[in-house]
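Please keep the structure open while you read, and check each point against it.

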Amino acid sequence: MGFLSMTRNIAQNLFEGPSTRRYPAVKRYYEPKSRGMIGIDIEACIFCGLCSKRCPTGALTVAKDRKEWEIDRLRCIFCGYCVEVCPKKCLSMANHYSPCVTDRGDAIHLEKQAPKGTTEQPVEEKLEKE
Amino acid sequence: MSQRNVIPFGPQHPVLPEPIHLDLVTEDETVVEAIPSIGFVHRGLEKLVEKKDYQDFVYVAERICGICSFMHGMTYCQAVEEVMGIAVPERALYLRTVWAELSRVHSHLMWLGLAADAFGFESLFMNCWKLREGILDIIEATTGGRVIFGSCKIGGVRRDIDGDTMKGIVEKLDRIAAEIRHTTDVFLNDYSVQHRLKEVGVMSGEEAYALGTVGPVLRASGVAMDARKIGYAAYRNLKFEPVVEKSGDCHARCRVRVREIFQSIDLIGQAARKMPEGEIAVKVTGAPSGEYFSRVEQPRGEVIYYVKANGTKNLQRFRVRTPTFANLPAMVRMLKGASIADVPNIILTVDPCISCIER
């Protein structure tokens, strides 16, 4: 039984400095496998809707007629099931999170495929909620 | 006879950031009766099984508890695999074992910190959580998530750990183990820790067994019962003995968890050496039909999953008996006769997880 069993620890802490990260001077390192955000290569998408069918939280909506793919980032739980089932492998998992939002509507992200035969770039827009 | 007073404990209490309410009937400074009431965070996850596809339900099962999330997913997968008669590849079983033991280490380190916080040893609490970060980093690097692994699926696992990474993990764990030992020595030897925990909340082996207690609480009372010994996943090929302590008090429960941390690190080393090459998952088709009881040793004790399927994509019945629920009667029994100052310690040594209890 000892009285000063933490002494070693205290001495170590005096010389080691803080264990926490000096954010924002030191950025957090994300492992390559980290699950943070779902991304899509919309031009490769065939709008089969398998991702939205499989999504456990119903965060994905696919509209084949309008060639639109939509994700509610606040509903997404980063399980990666959609990436796994995607037949064209156009969905990907980024290892960092999506930016913060102050309104629920801002978290809804829409991707629209450019009409075939035009050179137009894919339109990227955010849905504004009234 | 002195007057009886009822002191409410929770649902919001500084020692336990989870909602459980206890009415402590006291006479002077002694608790004569503790009446628990639960139901603050019931989510109805068992009923949800009728709505979700049986393969998608792994994600729901993982969210029953945040700390033993991987083991919940694993128990569910084991149950469905047995119903469907799926032979899971050997490598997947070893990977499940490694992840399960990693979650045991991080859960016990978290508990040690919370216990230190309950008896007012703040710097020890911070130290334990600092060490836990090292384990969470390993978990994030291998599965992509810090708490919710999302790696178990019916028929195997979703991710692999390659040989070099596995070697790195074992080396890192050895380094962390040395640091953990410095911290756990404080729990084992320090006078003030022993003063708060020794001979507090004593429960005999017979009593613990009769109350249906499981996990470290039962083993601290001298009963060598560990569900890992039934040999699920890769445990049948690994050498280990259940960690048992005799005295049945709060300090014994603390010692059991401290020794289990090192046991788990040893088991990960063994699993890494014996891990065979090969597939990590098999393709699953069709729908399950039948019923099965699946048992897994979680950090808090033995969990039992009951699954009944009728040949459709949705299961017919799903029932979980979580270890924390099984330990509630023991907690109420230990609180009887305790001093009011020991209540936080006794409640903490059961390692209550209210989201588990209520599902």
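In what order do the strands of the open sheet of three strands with β1 in chain B stand? Point 1 takes this up. Bear in mind throughout that the model is predicted.

1. The order is β1-β2-β3, and the pairing is antiparallel. Look at the edges of this sheet. β1 (4–9) and β3 (30–37) of chain B each have a single partner strand, so one side of each lacks a neighbour in the sheet. From one strand to the next, the twist averages 25°. Now take one pair of strands. β1(B) and β2(B), which covers residues 21–27, are joined by six bridges.

2. **A second sheet in chain B.** Here the order is β6-β7-β8, an open sheet of three strands with antiparallel pairing. β6 (289–298) and β8 (317–321) of chain B are the edge strands; each has one partner, so one side of each has no neighbour in the sheet. Neighbouring strands are turned by 10° against each other on average, direction ignored. Between β7(B), residues 301–310, and β8(B) there are five bridges. One residue pair to look up is K308(B), whose bridge partner in β8(B) is R317(B).

3. Which strands does helix α2 of chain B touch? The helix, residues 69–84, packs on the sheet and touches β6 and β7 of chain B. The directions of α2(B) and β6(B) make an angle of about 150°.

4. From α2(B), the contact uses F70(B), M71(B) and M74(B). From α3(B), R96(B), W99(B), A100(B) and S103(B) take part. By class, these residues are five nonpolar, one polar and one charged.

5. **The pair α3 and α4 of chain B.** Two packed helices are described by the angle between their axes and the distance between the axes. For α3(B), residues 90–118, and α4(B), residues 122–143, the angle is about 160° and the axes are 8 Å apart. Angles over 145 degrees count as roughly antiparallel, and these two helices are therefore roughly antiparallel to each other. Their crossing is left-handed. Among the residues that meet are W99(B), L102(B), L109(B) and A116(B) of α3(B), and F125(B), W129(B), I135(B) and I139(B) of α4(B). The contact has 16 nonpolar, three polar and three charged residues.

6. **One residue inside helix α9.** I268(B) lies in α9(B), residues 250–274. Is I268(B) buried or exposed? A residue is buried if 20 or more other C-beta atoms lie within 10 Å of its own. I268(B) has 24 of them, so it is buried. Beyond its neighbours within four places in sequence, I268(B) is in contact with V98(B), E101(B), L102(B), V170(B) and L173(B). Compare D164(B): it is 104 residues from I268(B) in sequence, and 15 Å away in space, C-alpha to C-alpha.

7. **Chain A as a whole.** Chain A has three helices and six strands. Along the sequence, they follow the pattern α-β-α-β-β-α-β-β-β. Of the 130 residues in chain A, 17% are buried. Take the contacts in chain A with a separation of 6 or more: 60% are between residues 24 or more positions apart.

8. **Backbone details to check.** Y23(A) and P24(A) are joined by a cis peptide bond, with omega about 5°. P24(A) is in the loop between α1 (7–16) and β1 (37–40) of chain A. K67(A) is not a glycine, yet its phi is positive, near 55°. This residue sits in the loop between β2 (60–63) and β3 (68–72) of chain A. K67(A) has 17 C-beta neighbours inside 10 Å and so counts as partly exposed. E199(B), also not a glycine, has a positive phi of about 60°. Find E199(B) in the loop between α6 (191–197) and α7 (205–210) of chain B. With 14 C-beta neighbours inside 10 Å, E199(B) counts as partly exposed.

Technical notes. Residues numbered from 1 in each chain as written. Chains lettered and ligands numbered in written order. Predicted model: local features only at pLDDT ≥ 70, side-chain atom pairs only at ≥ 80, totals over all residues. Pairing = 2+ DSSP bridges. Helix = DSSP H or I, 4+ residues; strand = E, 2+ residues; numbered from the N terminus. Axes fitted to C-alpha atoms, helices over the stretch in contact; angles between N-to-C directions. Contact = placed C-beta atoms within 7 Å. Parallel < 35°, antiparallel > 145°, perpendicular 65-115°, else oblique. Left-handed = near helix turned anticlockwise from the far one by under 90°. Nonpolar A, V, L, I, M, F, W, Y, C, P; charged D, E, K, R; others polar. Buried ≥ 20, exposed ≤ 12 C-beta atoms within 10 Å, placed from the backbone.
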